[in-house]
Amino acid sequence: MARVFSDDFPHRIYGVHDHASRRAALDRIDMLSRLFDTAFILPGTKVRFGIESLMRLVPGIGDAAASALSCYLLYEAHQLDVPKHVFARLVVNVAIEGAVGAIPLLGDLFDVGFRANRRNVAILQEHFEREGLL
C-alpha cells in the first residue's frame, strides 16, 4: 500500500487504497471479527461466541486483553481513512463492550450478544458501499 502526505497538513500521513486493497483490508477485518466474536458455537445451542468471550472469563486481565483485540481492529479501520464520524461510531461500540464487559457474568453475557467487532465490520462495509468505494 502506497503512502502519501496530505496537502492540507504535511505531517499527517494518509493511506492510499484502491478497490482491491480496500476490499482485502475489509476482508481481513471481517475474518478477525468473526474469530473475536462468533468463531464457536455452544454445543447443543445456536449461541455463537468468539475468542474475546473466552478471554473475558478471566477477571481483569481477560477484559483488558479482549479490549486490546478490538482496538487492533480499530487501528485497521483507521488505516482505511474512514471519516471521523464513522470512526467515532466504531470507538463507541468498542467502549460500550469494554465497559459493560467488565461487569462479572452480566458482562460476559452482554459480550456474546453485543458483538462490537461484527457491528463495526457492518458499519465499515455500509460506509464504503454508500460512498461507492467497494
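**A tour of the helices**

Visitor: Which residues are buried in α3?
Guide: Keep in mind that this is a predicted model, where local features need pLDDT of at least 70 and side-chain atom pairs count only at pLDDT 80 or more, while totals for chains, interfaces and linings use all residues. Residues are numbered from 1 along each chain as its sequence is written, and side-chain values use heavy atoms, leaving out hydrogens and water. Buried means under 20% relative accessible area, exposed over 50%, and partly exposed in between, with a 1.4 Å probe and protein chains only. By that rule, the buried residues of α3 are Gly 62, Asp 63, Ala 66, Ser 67, Ser 70, Leu 73, Leu 74, Glu 76, Ala 77 and Gln 79.

Visitor: How far does α3 reach from its first C-alpha to its last?
Guide: Helices here are DSSP runs of H or I with at least four residues, strands are runs of E with at least two, and both are numbered from the N terminus. α3 covers residues 61–79, which is 19 residues. The expected span is 1.5 Å times one less than the number of residues. That gives 27 Å for α3, and its actual reach is close to that, at 27 Å.

Visitor: What is the phi of Asp 81?
Guide: Asp 81 sits in the loop between α3 and α4. With 29% relative accessibility, Asp 81 counts as partly exposed. It isn't a glycine, yet its phi is positive, near 55°.

Visitor: How do the rings of Tyr 72 and Tyr 75 pair up?
Guide: The structure holds 3 aromatic pairs. In this pair the ring centres are 6.2 Å apart and the planes meet at 35°, so the pair is tilted. For the rule, rings of Phe, Tyr and Trp (its six-membered ring) pair if their centres lie within 6.5 Å, with planes under 30 degrees apart called stacked, over 60 edge-to-face and the rest tilted. At 35°, then, the word for Tyr 72 and Tyr 75 is tilted.

Visitor: What angle do the ring planes of Phe 110 and Phe 114 make?
Guide: Phe 110 and Phe 114 are 4 residues apart in α5 (residues 106–114), so about one helical turn separates them. Phe 110 is partly exposed at 25%, whereas Phe 114 is buried at 11%. Their aromatic pair is stacked, 4.9 Å centre to centre, and the angle between the planes is 15°.

Visitor: How do α1 and α3 run relative to each other?
Guide: α1 takes in residues 19–37, and its axis lies 11 Å from that of α3 at an angle of about 170°. Axes are lines fitted to C-alpha atoms, for helices over the stretch in contact, and angles run from 0 to 180 degrees between N-to-C directions. Angles under 35 degrees count as roughly parallel, over 145 as roughly antiparallel, 65 to 115 as roughly perpendicular and the rest as oblique. So α1 and α3 are roughly antiparallel.

Visitor: Which residues of α4 meet α6?
Guide: α4 and α6 (residues 116–130) pack at about 170° with their axes 9 Å apart. On the α6 side, the contact (heavy atoms within 4.5 Å) includes Ala 116, Ile 123 and His 127. On the α4 side, the residues are Val 86, Arg 89, Leu 90, Asn 93, Val 94 and Glu 97.

Visitor: Where does Arg 115 lie?
Guide: Arg 115 has a positive phi of about 50° although it is not a glycine. At 25% relative accessibility, Arg 115 counts as partly exposed. Its place is the loop between α5 and α6.

Visitor: In what order do the elements of the chain run?
Guide: The chain has 6 helices and 4 strands. Of its 134 residues, 38% count as buried. From the N terminus on, the order is β-β-α-β-β-α-α-α-α-α.
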